[in-house]
Each structure stands twice: as C-alpha cells, then as structure tokens.
Amino acid sequence: HRSHRQLEKNTTMRQQRHLILPLVLASACCFTPIDAGESGFFLQRFFGGKVKNPLQQGHEQYQKGQYQKAVDAYYKSAMENRQNDQAWYHLGLAYLKAKEFDLASNAFQTAINLESKIEYSYQLCLALVQGGHVRPALLKLREVVQEHPKHDMSWTLLGRCYESLGQRGQAKASYLEALNIAPHQGQALFLMERLNNVQPQPLYLGKKNDRVAVFSEPVEKGR
C-alpha cells in the first residue's frame with residue numbers, strides 16, 4: 001500500500017514539473033530579453049547539461065577535418081552575431097579548407113571590416129592567391145607589408161605573387177625581406193633556393209588580356 005502511494009506521489013511530481021517547465025520558459029522569453037549566449041547559459045543551468053555554442057562546434061568540426069560541417073557551424077555563429085570578427089575569420093579558414101576560395105575571401109574581408117588584424121589580411125591574400133586572383137593579392141600584400149613590415153609570411157607570399165607574374169627580381173627581394181626577419185623560415189628558404197636553381201615553366205590562366213602565370217613543376221637549369 002505504501003509503495004502504491006509513493007508511486008502516485010512520484011507521478012504527481014513529474015506531472016507538476018511538466019506543467020512548470022513551459023511556464024518558466026515562456027516567462028523567460030516574454031519578460032526577459034536574452035541573447036543566444038544567455039539562453040544557452042540558462043538552458044545549461046536549468047537542465048544541468050552542457051550546451052555548446054556554434055563557434056565551439058565549428059572548432060570541433062574543423063579539428064576533425066569535417067570542414068563543411070565547420071562551415072555550417074561558423075556561418076550560424078556569424079549570423080547570430082554579425083559583429084563577431086572571430087566567427088567570420090574562422091568561417092574563412094573553413095572555406096579555405098573546403099577550397100571555396102572566393103567565399104573565403106569574402107569572409108576574411110568581412111572580418112577585416114570589423115577588426116583590422118594582420119592574420120585576417122594575410123589569410124585574405126592567401127585565399128586570393130589560391131583562387132587564382134594573383135594581381136589583387138599582390139596589390140593587397142603591398143599594403144600589408146607597409147603596415148606590418150615585420151610579418152615575414154606576408155613578404156613570402158608577396159614573393160610568390162611576383163614570381164608567378166614572372167618578376168623574379170622582385171620575388172627575390174621579397175624572399176630576402178622575409179629571411180631578414182625570420183632567417184630560418186622554411187618556406188622562404190625553399191622558394192629562394194628554387195628561384196636560384198631552377199627555371200619554372202609558366203602555365204597561363206585567366207582572361208586573354210589579364211593572364212596570370214601559375215607555374216607547373218620546375219625544370220632544373222641546363223636541361
């Protein structure tokens with residue numbers, strides 16, 4: 001008899017909780033304006049679970065190599081807070097991995113418009129280069145190295161742009177600038193050695209009046 005009464009009591013308590021929960025959520029929504037972060041905190045405290053925001057979800061998917069899922073999560077984060085430069089920046093990185101170079105460029109540019117940082121500008125130029133927009137990347141990189149003359153990777157990328165356009169002297173000067181800043185930077189060392197010892201064979205891509213040389217496998221001098 002006692003167990004039967006206890007069962008009825010437990011059932012009544014569960015029913016009361018089911019009735020109270022919608023009222024709590026409704027009052028929270030109607031009377032207390034909350035943003036996405038606060039609502040996640042509220043749900044986490046109420047249910048005792050761990051609610052991950054889209055930016056965290058994007059990081060996890062990116063680390064797993066699930067770049068399209070990372071794109072979806074970062075995009076959601078950017079839409080929830082369009083002023084979040086980090087969301088746009090990481091969205092650009094995910095687009096780069098997914099080989100969506102033009103979308104990556106747009107995301108990086110949005111991040112730059114919100115917060116001017118050297119890593120944002122560098123990744124924008126890298127996306128332009130990988131998307132085949134070498135000339136715009138070169139113009140942007142000239143601005144970047146003027147504003148951040150100690151950023152060796154920007155000098156290296158600038159050298160790559162000059163080299164792809166056949167301007168070997170300018171390319172060498174850019175690689176030397178990078179090596180003056182970071183003498184052991186592997187990429188600049190490799191590109192400088194290649195520039196001195198091989199003769200690259202250009203493949204021309206793009207419109208007839210604005211062709212861009214994208215180099216194929218290099219051929220050693222003397223062959």
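This is a predicted model: local features need pLDDT of at least 70, side-chain atom pairs count only at pLDDT 80 or more; totals for chains, interfaces and linings use all residues.
Reader: What makes the pair of Y62 and Y67 edge-to-face?

Author: The planes of Y62 and Y67 stand at 70 degrees, with 5.4 Å centre to centre. Planes over 60 degrees apart count as edge-to-face, and centres within 6.5 Å make a pair; therefore the term applies to Y62 and Y67. A search of the whole structure finds three aromatic pairs.

Reader: Why is the pair of Y89 and F108 called tilted?

Author: The ring planes of Y89 and F108 lie at 50 degrees, and the centres are 5.9 Å apart. Y89 belongs to helix 5 and F108 to helix 6, 19 residues apart, and the pair links distant parts of the chain. Y89 and F108 form one aromatic cluster with Y120.

Reader: How do you know whether Y89 is buried or exposed?

Author: The relative accessibility of Y89 is 12%. Buried means under 20%, so Y89 counts as buried. F108, at 0%, is buried by that cut-off. Y67, at 25%, is partly exposed, because this value falls between 20% and 50%.

Reader: Why is helix 7 described as largely enclosed by the rest of the structure?

Author: Eleven of its 13 residues are buried, so the description applies to helix 7. Among the buried residues are Y120, Y122 and L126. The cover over them includes helix 5, helix 6, helix 8 and helix 9.

Reader: How do you know that the span of helix 7 agrees with its number of residues?

Author: At 1.5 Å a residue, the 13 residues should span 18 Å, and the end C-alpha atoms of helix 7 are 18 Å apart, so the values agree. Just after helix 7, G132 takes a positive phi of about 85 degrees.

Key. Residues are numbered from 1 along each chain as its sequence is written. Side-chain values use heavy atoms; hydrogens and water are left out. Rings of Phe, Tyr and Trp (its six-membered ring) pair if their centres lie within 6.5 Å; planes under 30 degrees apart count as stacked, over 60 as edge-to-face and the rest as tilted. Buried means under 20% relative accessible area, exposed over 50%, partly exposed in between (1.4 Å probe, protein chains only). Helices (H or I, at least four residues) and strands (E, at least two) are DSSP runs, numbered from the N terminus. The expected span of a helix is 1.5 Å times one less than its number of residues. Contact means heavy atoms within 4.5 Å.
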